[in-house]
Amino acid sequence: MSRHGDRGFRFATGAVAGLVLLIVLGIGFELTRQSSLSIRKFGFSFWTTKTWDPVAGDFGALPFIWGTLYSSALALLIATPIALGIAVFISELSPRMLRQPLTYLTELLAAIPSIVYGLWGIFVLVPVVRKLEVVLGLKPALGVGMGAAALILAVMVIPFTSSVAREILKNVPSAQREAAYALGATRWEAIKVAIGFGKSGIMGAVMLGFGRALGETMAVTMVIGNSTIISLSPAKPQYTMAAVLANEFTEAADELYLHALIEIGLFLFIITVVINALSRLLIWKVKAA
Amino acid sequence: MKKCVLILAAILVACKPAETPKEPAGAAAQINGAGATFPNPIYSKWFDEYGKAHPGVRINYQPIGSGGGIKQLSAQTVFFGATDGPMTDEQLKAAPGPILHFPTVLGAVVPIYNIEGASQPLRFSGDVLAKIYLGRITKWNDAAIAALNPGVTLPATELAVVHRSDGSGTTYIWCDFLSKVSAEYKEKVGVATSVNWPAGVGAKGNEGVAGLVQQTPGAIGYVELIYALHNKIPFGSVQNKSGEFVTASLASVTAAAAGVAVPDDFHVSITNPDGKDAYPIASFTWMLLYQNPADKARARTMVDFLKWALSDGQTFAPDLGYAQLPKPVVEKELAALGKVAI
């Protein structure tokens, strides 16, 4: 009887795990199928042209790809040092008493719904960014744009990166630190050793944050300005893949238009899968060591 | 495992009768519809009121957007659709059967702006609005704006153009008007629920556009009249075809519908209509029904409902901020309802 239970349980959990894989494959397949019109019509130029004209039925996704990668990269640039600082403080320096509340508070950031971040972005962050842009003389000084999007993404990414980095640091064998101290290292030098040991895992934590930033939709849509502009300027309104999907999907009644949108979804799906797989690989490497 | 299956089976059996409740003779089961978000408040009110007066009739409406409504209706997953822009010929051809359009109420789109020191509501013309949205006019004190607003000191602030980022019937109506008054706008931008904007930033929803305009000095945007009225946002007047500057109101929107010859299929854009009192950026919103629905009981219920919505139902419109249909349109529609094969 109990053996039956074992087998049944194994089968059930195995089936569920397999189901996840099937779902991922199914999503990939369905996205490809439903974007076939656009893939056939535009081919590779879909990824390299800048015009997005639903009226004329002319679609190029470059501004969205640019905006997605650029906003996520900027967000990482802001979030990584902060997240690492939090992780190091919590795992290495903070008094025991503070550890739990600090962990809880950073993780609370991840629990806030993105629409709330978006509203906060519109009413608090955007006016501040606008004032900053006016002071710095950046045009067009609207407040909404790449800069605001990157800032909001950074706040959203911090809890992810910092909690994984904290776990990584916790997993660094204490022998490493002890050895450093034994050699007469200062605390700072011992921390450096620990970070060095967990380097690839911390890279993984950063990439996980990147994956999170790539797919973020609502908060970004609300502050990025939604314009198909490709620019390095953080003051310029731009666009992301997730944002254009959220914006235009419901009203896209034309077949080709719909297929073009789904093709963007397909691309977003692929890069998210790749980035997440890479980050997981890096994290496993440290945990296995 | 076995137990689970049994429980599941029990639940399924228990659920079944609930899906097909006994109905009074003549009434249909639940009728599902989907489509435009703009008329959702009045449709909800109508279905609620009609359901109260006719027990057994349950009409369920999902405001998923006009595009979604057309898609769902074409796929026959809903019984009726609703849209802010008439279906295109291609869409009609792609549908499995002929589809009829029935205007239900009227909506309008108004320009809102944020400039300091404007003592009175600004006046706009279609030409000026088109040039602003094309990025041709970039400063508030441009001669073209000043010429429409004698006596108003306009600042030298740069215009910050705000448009909808999400696909929307509001954008459709706005672009429809601007395309009618400006050949350049028609050629470069065109008419659709989402367009390739030559200028400005996109904000999500009426609330996003209004929020951004109110925050940004020098901003101009467009929102639904209802949204502006409910939130007490001041808006500008727009010059109509007869040269009058008309402020949008329920009466001036109804006047717009009266200023257009409505064809038998009701596929008509009423932007830039004739009539001295007509507000030029207005539109019908439509319900969509198959001409030969397979389910006759549901079809009868829908036709009865529409008869009520076009007559008694219209009285609910003004309270919710919608303009009523003009009498001749209602009469024409009541006649057209006879086309539905029931």
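The legends below describe close-up views of a predicted two-chain model, with chains A and B.

Residues are numbered from 1 along each chain as its sequence is written, while chains are lettered from A and ligands numbered from 1 in the order in which they are written. Because the model is predicted, local features need pLDDT of at least 70 and side-chain atom pairs count only at pLDDT 80 or more, whereas totals for chains, interfaces and linings use all residues.

**View 1. Overall build of chain A.** Chain A has twelve helices and two strands, where helices (H or I, at least four residues) and strands (E, at least two) are DSSP runs numbered from the N terminus. Along the sequence these elements follow the pattern α-α-β-β-α-α-α-α-α-α-α-α-α-α, and the C-alpha atoms of the chain fill a box of roughly 70 × 70 × 30 Å, taken along the principal axes. Of its 289 residues, 44% count as buried; a residue is buried if 20 or more other C-beta atoms lie within 10 Å of its own, exposed if 12 or fewer, and partly exposed in between, with C-beta atoms placed from the backbone.

**View 2. The two domains of chain A.** The domain assignment, whose bounds come from an automatic or database source, gives domain 1 (1–34) and domain 2 (62–288). Their C-alpha centres lie 31 Å apart, and the contact between them takes five residues from domain 1 and five residues from domain 2. Two residues are in contact if their C-beta atoms, placed from the backbone, lie within 7 Å.

View 3. A nonpolar core is a set of buried Ala, Val, Leu, Ile, Met, Phe, Trp, Tyr and Cys residues joined through C-beta atoms within 7 Å. The largest one holds 174 residues, and those touching the most other members include A:Ile152, A:Leu153 and A:Val157 from chain A, together with B:Val110, B:Val162 and B:Tyr279 from chain B. Helix α6 (residues 146–171) of chain A gives the largest share of this core, 16 residues. Leaving aside residues up to four places away in sequence, A:Leu153 touches A:Ser71, A:Ser72, A:Ala75, A:Ala213, A:Glu216 and A:Val220.

**View 4. The side of chain B that touches chain A.** Here 30 residues of chain B are in contact with 25 residues of chain A. The elements of chain B that give two or more residues to this side are α3 (66–74), β7 (201–203) and α9 (205–215), and α3(B) gives the most, with five residues.

**View 5. The open sheet of chain B.** Eight strands lie in the order β2-β1-β3-β11-β4-β8-β6-β7, with mixed pairing, where two strands pair if DSSP finds at least two bridges between them. The edge strands are β2 (59–62) and β7, each of which pairs on one side only.

**View 6. Strand β3(B) and its partners.** Strand β1 (residues 31–35) of chain B pairs with β3 (residues 80–83) in the parallel sense over three bridges, whereas β3(B) and β11 (residues 282–290) of chain B run antiparallel and are joined by three bridges. B:Ala82 stands opposite B:Gly35, and its bridge partner in β11(B) is B:Met287. Both faces of β3(B) are covered, with B:Phe80 and B:Ala82 buried on one side and B:Gly81 and B:Thr83 buried on the other.
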